[in-house]
Amino acid sequence: MKRQILPYKDFLPFAPSNAGETVKIHHCKRGKHNDRLYITRSMDGSIVCYCHHCGGTGYYQDGKKVYTRRTVHVQKKGTFTEIPKGGTTRLADWSVLAKVWINKAHIGQKLIRQYGLQYFSNDDSVMIPIMNEGKLCRLIKRSFDPDLPKYLTLMHDNFHNANAYVFHSRAGDNTRLILVEDVLSAIRVAEYVDALVLCGTNMNSNLLVNALNKSYDHIKIFLDNDNPMVKKSQRKIQRRLDSIDFHTDTTVIENDVDPKEMSSDRLCEVIYG
C-alpha cells in the first residue's frame, strides 16, 4: 500500500523534547483510546512519526523534510522497451534479503522465470516487469539498499495512464476476476483466476475499463486490509463497479492477511469461498 506523507503541522508541534522519547496523539480517528499517531525524537534529533490508523508517516531533520525509506514510492516516466541488462532470474544468485522477500510471497523459481523477475546485484534490487498487450509498459524496482527508495516505478510515456493490468489465470478460469494492490499478489491469485493489479488502492476510469472489458461472473476486491482507509477504498470500488455493471456479482474479501502471503490452499479457499 502507498502511504501518505504527513504535513509538518500534524506532528512537529507535538514532538517530544528529549531524544529517545515517544508520544501518542489523536490524528485521523477521534474517540477514546484512538491516540494512534506515534511521534518519536531519535537520538540524532530527527523526528519520526507513524499513524497506526491511516498509515501516514513523516520525518523531519535539520529543518528539512526527508522521506523515510520505508514509505517512499517514487514514480518516473520515460521511454524503454526492455529490462536493463545485468539482472538474473536465477534465485540462487539473489541476496538473502531478496530471497526472504520473495519467499514470503510464496513465489519460487518457476514463477520468477515465468514473469521475468530479475535480481540486480549492483544495487541489491529486484525488477518486476508489467506487460500491456505484449509490450513492456511498467517496471517496478524493489530495492533492499537502505539508502535507496524502497520502490521505484518506471512508467512508459505511452502507457502512463494504464494504472492496472490483468494477469490471466494459469488454471484457465476466466469467469472470475480478483482486484489486488500489488504485482506479487496478482501473480499469486493468477494461480487460480484472473487478477487485476491496481498498483495501489484506488480505481480510476482506466481500471474500470480493465475490469469491465471482459464479461466476468464474479469480481472480488482483495486488498491488504491493514487499516480503515484501505477498507473504505474497497467499499468505494465495490459501489462504483455495482453502479455500472448490474450483471456481475461484486464482493469484498474481508481478510487481514495479504493475499500474496497466504498458502496456496488458503488462497484457493478464500478466492472460491
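Contact here means heavy atoms within 4.5 Å. The model is predicted, and local features need pLDDT of at least 70, side-chain atom pairs count only at pLDDT 80 or more, while totals for chains, interfaces and linings use all residues. Residues are numbered from 1 along each chain as its sequence is written, and side-chain values use heavy atoms, with hydrogens and water left out.

**Figure 1. Overview of the protein, with 6 helices and 15 strands.** Helices (H or I, at least four residues) and strands (E, at least two) are DSSP runs, numbered from the N terminus. Of the 273 residues, 47% count as buried; buried means under 20% relative accessible area, exposed over 50%, and partly exposed in between (1.4 Å probe, protein chains only). Among contacts with a separation of 6 or more, 57% come from residues 24 or more positions apart.

**Figure 2. Buried face of helix H6 (residues 264-272).** Leu 267, Val 270 and Ile 271 are buried in this helix. Seen down the axis of H6, the buried residues fall within an arc of 100°, so they line one face of the helix; the arc is that of the directions from the helix axis to the C-beta atoms. They pack against strand S12 (173-180), helix H3 (183-189), strand S13 (193-197) and strand S14 (218-221).

Figure 3. Val 230, Ser 233, Gln 234, Ile 237, Gln 238 and Leu 241 are buried. Viewed down the axis of H5, these buried residues fall within an arc of 135° and so line one face of the helix. Lys 232, Lys 236 and Arg 239, on the other side of H5, are exposed.

**Figure 4. Aromatic pair of Trp 101 and Phe 144.** Rings of Phe, Tyr and Trp (its six-membered ring) pair if their centres lie within 6.5 Å; planes under 30 degrees apart count as stacked, over 60 as edge-to-face and the rest as tilted. By this rule there are 3 aromatic pairs. The pair of Trp 101 and Phe 144 is edge-to-face, at 5.6 Å centre to centre and 65° between the planes. Trp 101 lies in helix H1 (residues 96-104) and Phe 144 in the loop between strand S9 (135-143) and strand S10 (151-156), so the pair ties together parts that are 43 residues apart in sequence. Both Trp 101 and Phe 144 are buried.

Figure 5. The side chains of His 27 and Asp 10 are joined by a polar contact of 2.9 Å. A polar contact is a pair of N or O atoms within 3.5 Å; within protein, one must be able to donate a hydrogen and the other to accept it, and residues adjacent in sequence count only if both atoms are side-chain atoms. Not counting residues up to four places away in sequence, His 27 touches Leu 6, Asp 10, Leu 37, Cys 51 and Cys 54.

**Figure 6. Positive phi at Asp 124.** Phi of Asp 124 is about 50°, although this residue is not a glycine. Asp 124 is found in the loop between strand S7 (118-120) and strand S8 (125-132). At 18% relative accessibility, Asp 124 counts as buried.
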